[in-house]
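Q: Could you take a close look at the charged side-chain pairs in this model, and then follow them to the place where the chains meet?

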Number of protein chains: 2
Amino acid sequence: MRDVAREVGVSVATVSRYINGSAPVSPEVAERLEQIMAELKYVPHSAARQLATRKTMVVGLLLTNMYNDFFGPLLYGIESVVGEHRYNLLVATCRLDNQTNISLPIGPHNTDGLLIFAGSIKDDDLAELSSQGFPVVLIHHTAPESLSIPCVTVENKAATYKLVSHLIEDHDRRQIVFMKGPSQQEDSYWRKLGYLNALRDHDIEINPKLMLTGEFLHGVAYRSLKDFIDRSDPIDFDAVFTGDDDAAIGVVEALTECGIRIPEDVAVAGFDDSRLSAFLNPPLTTVRAPTAEVGRIAAKNLFNLIEGHPVDDVTLLPTEIILRRSCGCNSG
Amino acid sequence: MRDVAREVGVSVATVSRYINGSAPVSPEVAERLEQIMAELKYVPHSAARQLATRKTMVVGLLLTNMYNDFFGPLLYGIESVVGEHRYNLLVATCRLDNQTNISLPIGPHNTDGLLIFAGSIKDDDLAELSSQGFPVVLIHHTAPESLSIPCVTVENKAATYKLVSHLIEDHDRRQIVFMKGPSQQEDSYWRKLGYLNALRDHDIEINPKLMLTGEFLHGVAYRSLKDFIDRSDPIDFDAVFTGDDDAAIGVVEALTECGIRIPEDVAVAGFDDSRLSAFLNPPLTTVRAPTAEVGRIAAKNLFNLIEGHPVDDVTLLPTEIILRRSCGCNSG
DNA sequence: CCGGTTACTGTAACCGGTTACATTATTCCA
DNA sequence: TGGAATAATGTAACCGGTTACAGTAACCGG
């Protein structure tokens, strides 16, 4: 920058003002600046600018991991909004079970705001950020009431309720296995509630033996269901709500291996409507969750927060039931 | 930091030295520092540190977009290595066709090195970075020879050659449609070459009419093949090499819609072995590309570059043919 | 013709760290 | 016991921008 200033014959202040448009600059100087900056390929150093302005033009995204299909669309949604605002996106992963008390890799010291996915932060870290008035938006995870941090997630309970009711009412299933998701993720809780309420409202007794562990991972779900099948001979269940689509992969695999027909013997339903689900054999009945939209809205909310605008405390995006063959529909 | 120093009764220099372990600090002071830093929840400001040390502890990833299944595994591989090195990952998207001459969102001014995916940067920008001695690793894209920038990609040609030969030799196909990928991506070129060589070595004449546009996108591939089918009545092809698995989705959809049986009437083969491919109907014969591994190695190479170690100019990861039902194998 | 804007520019303090250099106290060894 | 090395710390310059403040010159309305 000094070089540019010297070359043009003005002070660095003038260069800075021209770049930021923070004060008028004479046309002749402007032209010279434009030319010299191009010639010298000058690019302002972000760290210096960050230090002086106390803005980083970066938003952070904190995830638990990157290997679920879920994150592709989420990132896509986030990135598109972040890009529009000419911000950059800093991505970090951090698991809750990481008990070592190291501080977060991203935070107020290197970003202007944080998008935090379920289970990637401890409540007290969150409280700390919040108390500093640092902009934070949670994704698929609501904050402790006392904090009032905005959150963007999807309607889990109603959709699960509706889907399980569909299995009961339209396909006459009553022994419905439920695969639990990771306990740190609220989605797991609400989906379970939807399931339980549906059973209750249809006067079906809840059978704890039918509650298996799926963890939203096909490997875990596969193992879990396989063991369950081995334990229960003959089969005494007629449907599986897999928790999410990834787990559904494992479920379908396990059932198929055991020669159990889908949906004739056992109906299967998932959650997410990930790209895969339409291609499973049979195509998976599931709940469409607008994941990219979640990312987009979360990012938008974060920018509103950064700019000081008000933001809804909870944004619950609607979900939609997608009936395919795995529950017994569309058999034609 | 000043606060911490004052509270402990030492100078900021001592605080800095303790934090960085750059010089010995007396045990008593160390203990006091530890305590006060925790109390004040002090976290060093990255921008200030960056400015003073001229290191950002950030690597950048430049992509064309985020909506291909390909990027999930790639990011996963990259992030795992970046995290290990306690660096952060700055993600930005930038399309080549973006002819406006704006400078890159990430570069030497805010990162210590760049991972650049095919087609997200212009050659002269690349030359500029290279001439500054800035660490860069290319992904699925080799630099102009003059530059000698390391690149990590997968073996495209040999695998495509082998797969097309398989269609010819084992399934007796001779009218093989080829769907071209995006022209800025080298993968497209090498896969095409593999296809052409396979035809040549089996004395099959090349028919330009069989070269369609797939762009590695299911939507484009679907449209393209559908039009082709409409134009050619009766069908005069017996196989499709789709270019990649995403395009294969569109191809399968188009064929199925037209009542063309896979693989009886038309064999289909893809590239990537994305998660979907095993679940397509029929399961897709494809080439397994170790995408996460590409990300991992690219990141490792970048760190080697940053640390001044030598790095291979081109890393070509082996690919493997996966035979499933869509080509006519495993029909049992 | 004059006080008040407005346009443009420079000087220098500041953002929050790091580190070269200087200083003092202590230890070590011939 | 004296000189050199070592430990522990402080002072202040510096990284590369931004911006408050001040100043000059041209312009404008009465």
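Salt bridges, within and between chains

A: B:Arg288 and B:Asp273 form a salt bridge whose closest N and O atoms are 2.7 Å apart, the term standing for a side-chain nitrogen of Lys or Arg within 4 Å of a carboxyl oxygen of Asp or Glu. This pair links distant parts of the chain, 15 residues apart: B:Arg288 lies in strand S10 (residues 286–288) of chain B, and B:Asp273 in the loop between strand S9 (267–269) and S10 of chain B. Helices (H or I, at least four residues) and strands (E, at least two) are DSSP runs, numbered from the N terminus.

The model is a predicted one, in which local features need pLDDT of at least 70 and side-chain atom pairs count only at pLDDT 80 or more, while totals for chains, interfaces and linings use all residues. Residues are numbered from 1 along each chain as its sequence is written, chains are lettered from A and ligands numbered from 1 in the order in which they are written, and side-chain values use heavy atoms, with hydrogens and water left out.

B:Arg288 is partly exposed at 37% relative accessibility, whereas B:Asp273, at 16%, is buried; buried means under 20% relative accessible area, exposed over 50%, and partly exposed in between (1.4 Å probe, protein chains only). B:Asp273 also forms a salt bridge with B:Arg324, the closest N and O atoms being 3.0 Å apart. Here the partners are 51 residues apart, with B:Arg324 in the segment after strand S12 (320–322) of chain B, and both B:Asp273 and B:Arg324 are buried. In chain A, salt bridges that share partners join A:Asp273, A:Arg288, A:Glu320 and A:Arg324 into one network.

Another pair in chain A is A:Glu257 with A:Lys226, where the closest N and O atoms are 2.2 Å apart. A:Glu257 is partly exposed, with a relative accessible area of 45%, while A:Lys226 counts as buried at 15%. Over all chains, the count comes to 26 salt bridges.

Across the interface of chain B and chain A there are six salt bridges, including one in which the side chains of A:Asp246 and B:Arg275 meet at 3.2 Å, N to O. The interface also holds twelve residue pairs in polar contact, both residues at pLDDT 80 or more; a polar contact is a pair of N or O atoms within 3.5 Å, where, within protein, one must be able to donate a hydrogen and the other to accept it, and residues adjacent in sequence count only if both atoms are side-chain atoms. On the side of chain B that touches chain A, the elements giving two or more residues are helix H4 (46–53), helix H5 (71–84), strand S2 (88–93) and helix H10 (245–257) of chain B, and S2(B) gives the largest share, six residues.

In total, 37 residues of chain B are in contact with 37 residues of chain A, contact meaning heavy atoms within 4.5 Å. The area buried between the two chains is about 3400 Å², with carbon and sulfur atoms giving 61%; buried area is the accessible area (1.4 Å probe) that two parts lose on being put together, summed over both. In chain B, B:His109, B:Arg275 and B:Phe279 lose the most area to chain A, together 19% of what that side buries.
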